[in-house]
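Dear colleague,

Please find below the structure that I am handing over to you, together with its sequence. My notes on it follow directly after.

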2 protein chains.
Amino acid sequence: MTKQIEPQSGVAFTLKKGDRLKVIDPKGQQVSDMVLFNYRDSREKLSSGKTLDFEESILITQGNYLWSNRSQKMMRILEDTNGRNDFLLAPCSPETFQIMYENPDYHPSCFENLYTNLEPYHILPDDIPTAFNIFMNVQFDEKGKLSVRPPLSKAEDYVVFEAMMDLIVGLTACSAEDSNGGSFKPIQYEVITRE
Amino acid sequence: MTKQIEPQSGVAFTLKKGDRLKVIDPKGQQVSDMVLFNYRDSREKLSSGKTLDFEESILITQGNYLWSNRSQKMMRILEDTNGRNDFLLAPCSPETFQIMYENPDYHPSCFENLYTNLEPYHILPDDIPTAFNIFMNVQFDEKGKLSVRPPLSKAEDYVVFEAMMDLIVGLTACSAEDSNGGSFKPIQYEVITRE
């Protein structure tokens, strides 16, 4: 059953080892931030630094694994119809909009949407790691200069992940203007349980 | 007073806001992993994801700030005579040598050298973030492929940091063969206190 994450919001749920998670961009050009925690001990969590190290790549897509801070495989990417994701940048937070966008007013953020939805699992704001930013298009040049561009994803592009351990998942429809081509769309997801 | 970190070891110490830390590569081609925690609340810590986001660059050097997971400035880089550091890869850990080097035996690691030295500050292994890897030379191509190369640093190259808050610092002389041109050298450091 496909579920919907409304624009600028988020969800949290669990996966069993062997379950598959399909994350869909139904309208195109919409980022989804994903964080992962070991269901049995949430101090084990997704690590960008371990993933980039073991996968020997900045760009993570089909065939790659997502690794934890304890050097364990958390997910495998089975399919990726778009093929561009980001694993460099922290989830957008209230400070992102204050500091980078010079917007002092309240602004929804992936950071808030992650920690509020993960609170029932006893995960606190300080526990949120750098997310795997599905469909996010961060370009870099040879000098390392980063630029956030509109996603390359088209309507109905999707990524399928397989859980390599029992997991708590936080997932958003991203709230940052620049990351999503200037408009906020929903994200859809489906959990395909192992028989 | 200049202090020495012996090859394949580490230290931890505190800095007051305004103090300067000079990290020296006395022989050249030696990496030093650095992690930072807010002295007043060690759940606030160094964040690669926030730093790359706010500084809009993969490569962090003179003029850049190091940011925390709470979007606060932890350090400013005042001088960097070498100019090449890494902020993508997690500290080498026992699993690095088992998984990437296919070495099942005990091997010293920055991860162990960080958490054992930080233990008196009640910082646990799971709390260690992706380190700022001073002098580490990680090259990337346009497709994001990463390769660890010998450091470009020459004998007596150094980086000077200014603390933007009271800090707990973990600092190593890195233990990984590939990161250090195949040999293990000491690292030196000096704390220049604010008058």
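In chain A of this predicted model, strand β5 is joined to strand β6 (residues 73-80) by 3 bridges, and the two run antiparallel. Within this pair, Trp67(A) has Lys73(A) of β6(A) standing opposite.

In chain A, 6 strands form an open sheet in the order β1-β12-β3-β10-β6-β5, with antiparallel pairing. The edges are taken by β1 (2-5) and β5 (65-67) of chain A; each has a single partner strand, so one side of each has no neighbour in the sheet. On average, neighbouring strands of this sheet are turned by 25° against each other, if direction is ignored.

Is Ala163(B) buried or exposed? Its relative accessibility is 1%, and because buried means under 20%, Ala163(B) counts as buried. Leaving out residues up to four places away in sequence, Ala163(B) touches Leu15(B), Lys16(B), Lys17(B), Gly18(B), Asp19(B), Met74(B) and Met75(B). Ser183(B) is 20 residues from Ala163(B) along the chain, and their C-alpha atoms are separated by 31 Å.

I turn next to the nonpolar core. In soluble globular proteins, nonpolar side chains tend to be buried together. The largest nonpolar core in this model has 86 residues, and the members that touch the most others are Met34(A), Phe161(A), Met34(B) and Phe161(B). Which residues does Phe161(A) contact, leaving aside neighbours within four places in sequence? Among them are Asp19(A), Arg20(A), Leu21(A) and Val23(A). Phe161(A) is also in contact with Met34(A), Leu66(A), Met75(A), Arg76(A) and Ile77(A), as well as with Phe132(A) and Ile134(A).

A helix of chain B shows buried residues as well. In α3(B), the buried residues are Cys110(B), Phe111(B), Asn113(B), Leu114(B) and Leu118(B). They pack against four elements of chain B, namely β2 (10-15), β4 (32-38), α2 (94-100) and β11 (167-172).

Two loop residues deserve a separate note. Gln29(A) is not a glycine, yet its phi is positive, at about 60°. Gln29(A) is found in the loop between β3 (20-25) and β4 (32-38) of chain A, and its relative accessibility of 32% makes it partly exposed. His122(B) is likewise a residue other than glycine with a positive phi, near 65°. The loop that holds His122(B) runs between α3 (110-118) and β7 (132-134) of chain B. With 68% relative accessibility, His122(B) counts as exposed.

How are the two chains related? Two copies of a chain are related by a rotation about an axis and a shift along it. Chain B is superposed on chain A by a rotation of 180° with 0.0 Å of shift along the axis, at an RMSD of 0.0 Å. That is the relation of a two-fold axis. The same surface serves both copies, as 100% of the contact residues of chain B recur in chain A. Among the residues of chain B, Glu142(B) comes closest to the rotation axis, with its C-alpha at 3.5 Å.

Finally, some figures for chain A as a whole. Chain A has 3 helices and 12 strands, and its C-alpha trace spans about 45 × 35 × 30 Å along its principal axes. A compact globule of 195 residues would have a radius of gyration near 16 Å, and the 15 Å of chain A agrees with this. Of the 195 residues of chain A, 58% count as buried. Among contacts in chain A between residues at least 6 apart in sequence, 77% join residues at least 24 apart.

With kind regards

Methods: Residues numbered from 1 in each chain as written. Chains lettered and ligands numbered in written order. Predicted model: local features only at pLDDT ≥ 70, side-chain atom pairs only at ≥ 80, totals over all residues. Heavy atoms only, no water. Core = buried A, V, L, I, M, F, W, Y, C linked by side-chain atoms within 4.5 Å. Buried < 20%, exposed > 50% of the residue type's maximum accessible area, 1.4 Å probe, protein only. Contact = heavy atoms within 4.5 Å. Pairing = 2+ DSSP bridges. Axes fitted to C-alpha atoms, helices over the stretch in contact; angles between N-to-C directions. Least-squares fit on C-alpha atoms with pLDDT ≥ 70 in both. Rg over C-alpha atoms; globule rule 2.2 N^0.38 Å.
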